[in-house]
Number of protein chains: 2
Amino acid sequence: MTKARKALLEVLKTSEEPVSASHLIKHPSIRFDQATVYRNLHYLEEQGMADSFILHCTEHGTERYYSYRNREDASHHHWFHCQICHRFIDLGDCRYDEQLSRWEQAYGFTVCDHTFFLTGLCKACKSSTASAN
Amino acid sequence: MTKARKALLEVLKTSEEPVSASHLIKHPSIRFDQATVYRNLHYLEEQGMADSFILHCTEHGTERYYSYRNREDASHHHWFHCQICHRFIDLGDCRYDEQLSRWEQAYGFTVCDHTFFLTGLCKACKSSTASAN
DNA sequence: AATAATTTGCGAATGACTTGCAAATATGAG
DNA sequence: CTCATATTTGCAAGTCATTCGCAAATTATT
Ligand SMILES: [Mn+2]
Ligand SMILES: [Mn+2]
Ligand SMILES: [Zn+2]
Ligand SMILES: [Zn+2]
């Protein structure tokens, strides 16, 4: 475990929500080149220590977001992303296992990965845009 | 409805699976500049005539895929993507409406959009990689 | 210590997508 | 039809996240 990997893992571990590579690169405790950050994010994910998904938002563009994963077998989470304040809301553990198995049975394919997330307006941003009228 | 828009819509309408902008740009019946293709795909989506999602695959990279949408209110589909042959398998109409409402209730947010898709190995590709051993 | 393997920083490249702008088309009132 | 206005297009250049080549720096092995 190199310094870069330790530092990245620490930020992911303490972050309440998924973080993008660009966020990590700007993070004060991440004093490494962007190439190092990207390379190690791949490494962490392939080691099962991180999860990621690609999300597009008008303001920040298309980026991959990473979150800490305790163990290879532990269930990951899915998220809601607010288009206004850009915060993520944790929807809890993934509950798609049975559904995926049913699809695997029905179609004969093997699912290696799945992507699921929501985007919209969070409670707070709904009220503030409403009062802005 | 300009020629470019008609041509794009026709390809989307007759395609069995979601298609990327790069695919459309190379398509024989799409004789338009890439900027025109991208601009009109945005247009079609904002008019409710197309749906899209971003998918990353090792071989083709990260791209947005478009599919035809009959009417603004009609349910879209979700898809499985094979990492080997790159074909999409239609999983049918979206069935997440009630689940999304439940989350909206529980968290107070409003969902504007959601992304869901699977990746893995299709039946055919599983057997051909198995026999390759 | 000497050698081999891995990781890092830097700068350049990649690839999807976007943008500025002037030419081409379409729209439409008179 | 005709001139004026609005929209769309092609081209070339730009943007932005991510990747790559390569040589220097670290780390692990012998
Ligand atoms: Mn955002
Ligand atoms: Mn693919
Ligand atoms: Zn918000
Ligand atoms: Zn396949």
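Visitor: Which residues come nearest to DNA strand D?
Guide: This is a predicted model, in which local features need pLDDT of at least 70, side-chain atom pairs count only at pLDDT 80 or more, and totals for chains, interfaces and linings use all residues. Residues are numbered from 1 along each chain as its sequence is written, chains are lettered from A and ligands numbered from 1 in the order in which they are written, and side-chain values use heavy atoms, with hydrogens and water left out. Around DNA strand D there are 19 residues, a residue being near if one of its heavy atoms lies within 4 Å. Those that come nearest are Q34(A), Y38(A), H42(A), R5(B) and T36(B).

Visitor: What share of the atoms of DNA strand D within 4 Å of the protein do sugar and phosphate account for?
Guide: The count takes the atoms of DNA strand D that come within 4 Å of the protein. Of these, sugar and phosphate make up 69%.

Visitor: How far is the side chain of T36(B) from a phosphate oxygen of DNA strand D?
Guide: A polar contact is a pair of N or O atoms within 3.5 Å; within protein, one must be able to donate a hydrogen and the other to accept it, and residues adjacent in sequence count only if both atoms are side-chain atoms. For an N or O atom in the side chain of T36(B), the distance to a phosphate oxygen is 2.6 Å.

Visitor: Which residue of chain B has a polar side-chain atom 3.5 Å from a base oxygen of DNA strand C?
Guide: On DNA strand D, a base oxygen is 3.5 Å from a side-chain N or O atom of R39(A). On DNA strand C, the residue with a polar side-chain atom 3.5 Å from a base oxygen is R39(B).
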